[in-house]
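Here's a quick tour of a protein model, with a focus on charged partners, a helix and some strands. Take a look at the structure first, then work through the points below.

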Amino acid sequence: MAEFTMPSLGADMDEGTLLEWLVGPGDPVRRGDPVAVVETAKSTIEVECFETGTVTKLLVEPGATVPVGTPLALIGPAEERQAARRAPGKGKPSRPAGPDAISEPPAPPSPPPPSPPSESVPATAQAPAAAALPGHMEAGPLVRHLAERSGVDLETLHGTGSGGRVTRTDVEHAAAARAGTRPARSRATPLARRLAAELGVDLATVKGTGRQSAVRASDVRRAAPGPSAPAPPAPAAATPVRPSPVRPAAAQPAEDRAAAMRQAISGLMSRANRDIPHYYLSTTMDMAAATEWLREHNRRSPVGERILPAALLLKAAALAAREVPELNGFWIDDHFTGGEGVHLGVAVSLRGGGLVAPALHDADTLPLPHLMAGLKDLVVRARTGRLRGSEVSDATITVTNLGDQGVEAVFGVIYPPQVALVGFGKVVHRPWAVDGLLGVRPVVTATLSADHRATDGAVGARYLKAVSRLLQNPEEL
């Protein structure tokens, strides 16, 4: 039996808030599947599972804030799936207070095999009449009560719950059909309901992508009007299943969340400046060949496949990191550990303030059109709170590009435990001598902030030289 714990999604993360579960007891999971949505001080992130097997028990309620390393769920072998589904109440968190909960109470134990009638058998040992009928799907006592009150015959319903259980939603839909009206409630997670109310989204019009087609918060954000939906509100206080160190998360206004992010960033950067002996290098690179190559490529390409200069800079930074692996990795336990692949962290500013640096995995192997598409997707998901856990924790070297803000040079602070950060400024036109002749050419200033414990200036200079060579030979990108 393995534990799925609250992961560390960055060196600045000490705790996280579980917003919603994407799986339930009895669901099969594979390594890399998203299983929960977690909110940190900087972003909302879909967290992937680290094991392959079956979810046997959820240990923490949505809305609870827990320290990094706290067990959130138990993952058992795949063969436990059927056992978990046969006992749908086992291992589930207690039912959240209020009408937003979408799960049903645990069903009573299955009745014993039928036996010949006997006066000696007490009435309390008999199965409930509804459950004893042939072909009837299992239903909890509250569902049976709701069906009786609504005049719905449970025998006519097809259960959509685990193992064919009849759920409250099934009864509500059947009751609405009898009355000729639309169901009063759509199946949705508590966070999705709160977000729908805030954004003015009718849940009945939203197609759910969650378990049993439940509407998730991400579905509501996609259905919200306008070019983009605001970040989800912090969850309301909820009583967690686990005792201390779990604590309820209080709802926070956007200003408070921005302040919390600012505080997290300032704390991490203060530690980085104090603990990492930085050295800084800078050089100006000729972009004439790269600019001409980019112009020709975009002229021949459809609008959707055109490439921005930022993609060329990122690809050059990734290939140079492969050539100079001493800068691609982590300083952990007083020694350098090389990264498994070049996972390029890309600094993304958020609309509400602050920034995140999710990773473009294996950026050195991506063709430029794929890298461009991946960059667009990463920026959109970073700003809408839909990043994956691996994207915020896997970066082996980070790039920040402030050229679109008019900045000509940026000297960044290393994001621990990485050992290097690359900065690019604005492409500007400057007088430039080529083969003894003076002309005006496009140039860019590239900088390197590196950890002196892992490398020295000679290694850093080799890296910047590789970036310059690649940008002057764009066909190599």
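Let's start with E46: its relative accessibility is 14%, so this residue counts as buried. Keep in mind that this is a predicted model. E46 has a charged partner, R388, and together they make a salt bridge whose closest N and O atoms are 3.2 Å apart.

**Salt bridges**

- The E46–R388 pair links distant parts of the chain, with E46 in strand β5 and R388 in strand β17, 342 residues apart.
- R388 is partly exposed, because its relative accessibility comes to 28%.
- A search through the whole structure turns up 14 salt bridges.
- Another one joins E326 to R462, and here the closest N and O atoms are 3.2 Å apart.
- E326 sits in the loop between α9 and β11 while R462 belongs to helix α12, so this pair ties together parts 136 residues apart in sequence.
- Both partners are partly exposed: E326 has a relative accessible area of 29%, and R462 has one of 39%.

- You'll find R381 in helix α10 and E391 in helix α11, 10 residues apart.
- R381 is buried, at 11% relative accessible area, and E391 also counts as buried, at 10%.

**Helix α12**

- Helix α12 covers residues 457–471, and at 1.5 Å a residue its 15 residues should span 21 Å; the end C-alpha atoms are 21 Å apart, so that agrees.
- Its buried residues include V459, G460, Y463, L464 and V467.

**Strands**

- Four strands make an open sheet in the order β1-β8-β6-β3, with antiparallel pairing.
- At the edges are β1 and β3, each pairing on one side only.
- Strands β6 and β8 run antiparallel and are joined by 4 bridges; T54 has G76 in β8 as its bridge partner.
- Over in strand β2 you'll find E20, which counts as buried at 5% relative accessibility.
- Leaving aside neighbours within four places in sequence, E20 has contacts that include A36, V37, P62 and R216.

Definitions and conventions:
Residues are numbered from 1 along each chain as its sequence is written. This is a predicted model: local features need pLDDT of at least 70, side-chain atom pairs count only at pLDDT 80 or more; totals for chains, interfaces and linings use all residues. Side-chain values use heavy atoms; hydrogens and water are left out. Helices (H or I, at least four residues) and strands (E, at least two) are DSSP runs, numbered from the N terminus. Buried means under 20% relative accessible area, exposed over 50%, partly exposed in between (1.4 Å probe, protein chains only). Contact means heavy atoms within 4.5 Å. The expected span of a helix is 1.5 Å times one less than its number of residues. Two strands pair if DSSP finds at least two bridges between them. A salt bridge is a side-chain nitrogen of Lys or Arg within 4 Å of a carboxyl oxygen of Asp or Glu.
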